[in-house]
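Here are a few notes to read with the model open beside you. Take them one point at a time and find each place as you go.

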Amino acid sequence: MKNLIGIDTEKATKLVIELNDLLANYQLFYQNLRGLHWNIKGKEFFELHLKFEELYNDAVVKVDEIAERILTLEGEPLHTFTDYLKTAEIKEEKNVTNGTKGVEIIVKNFSTLIAKERNILSLAGNADDEGSASLMSDYISETEKTLWMLNSYLK
């Protein structure tokens, strides 16, 4: 049986589960970025304060896109922090004021996200779900470039 957009319902359900997992992780990532933006101190403040804001603005857009993709696949997006905390692999970060430590956390979080995006890309390909595949492909390309830049910053 196929859903409204022509995706096998069983495959769509698997995609929804993985997209909800990605959504939960992006929500924790977003909140970590907000905390880093607010609490960063030191000589790198001006540079990192702006970078963290750029990253959290991007993350909040992705959160909305992921939730809307879940709805398009006829699923229900997670929408409580209880569910996010229970589901996410990314953990809350608290009281981080050091810039280098903040960038290291972001690199670690992005590494988690990109692995999940690659998994969804594979599932989407198997389901002939071009919408989810395209979304993940775009995210992966952006994340790879951002990871390269952040790793260069840390060297």
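**Notes on the pockets and helices**

1. Start with the largest pocket, which holds about 220 Å³ of space. A pocket here is an open set of points on a 1 Å grid over the protein atoms alone, where a 1.4 Å probe fits, with protein on both sides within 12 Å along at least five of seven lines. Its volume is the space filled by probe spheres set on the points, which are joined across faces, edges and corners.

2. A word on the model: it is predicted, so local features need pLDDT of at least 70 and side-chain atom pairs count only at pLDDT 80 or more, while totals for chains, interfaces and linings use all residues. Residues are numbered from 1 along each chain as its sequence is written, and side-chain values use heavy atoms, with hydrogens and water left out.

3. Who lines the largest pocket? There are 15 lining residues (an atom within 4 Å of a point), and Gln31, Asn32, Gly35, Glu93 and Lys94 lie nearest the centre. Helix 1 gives the most, eight residues. By type, the lining has six nonpolar, five polar and four charged residues. For this count, Ala, Val, Leu, Ile, Met, Phe, Trp, Tyr, Cys and Pro are nonpolar, Asp, Glu, Lys and Arg are charged, and the others, Gly among them, are polar.

4. Now try the second largest pocket, with about 160 Å³ of space. Its lining includes Tyr26, Lys51, Phe110 and Thr143. Helix 2 and helix 5 each supply at least two of the lining residues, and the lining splits into four nonpolar, two polar and six charged.

5. Follow helix 5 along residues 130-154. Helices are DSSP runs (H or I, at least four residues), numbered from the N terminus; strands are E, at least two. With 25 residues at 1.5 Å a residue, helix 5 should span 36 Å, and its end C-alpha atoms are 36 Å apart, which agrees. The expected span is 1.5 Å times one less than the number of residues.

6. Which residues of helix 5 are buried? Among them are Ser132, Leu135, Tyr139, Thr143 and Leu147. Buried means under 20% relative accessible area, exposed over 50%, partly exposed in between (1.4 Å probe, protein chains only). Their cover includes helix 1 (9-39), helix 2 (45-72) and helix 4 (99-126).

7. Last stop: threonine 112, in helix 4. Threonine 112 counts as buried because its relative accessibility is 14%. Beyond its neighbours within four places in sequence, threonine 112 is in contact (heavy atoms within 4.5 Å) with Asn25, Glu89 and Ile90.
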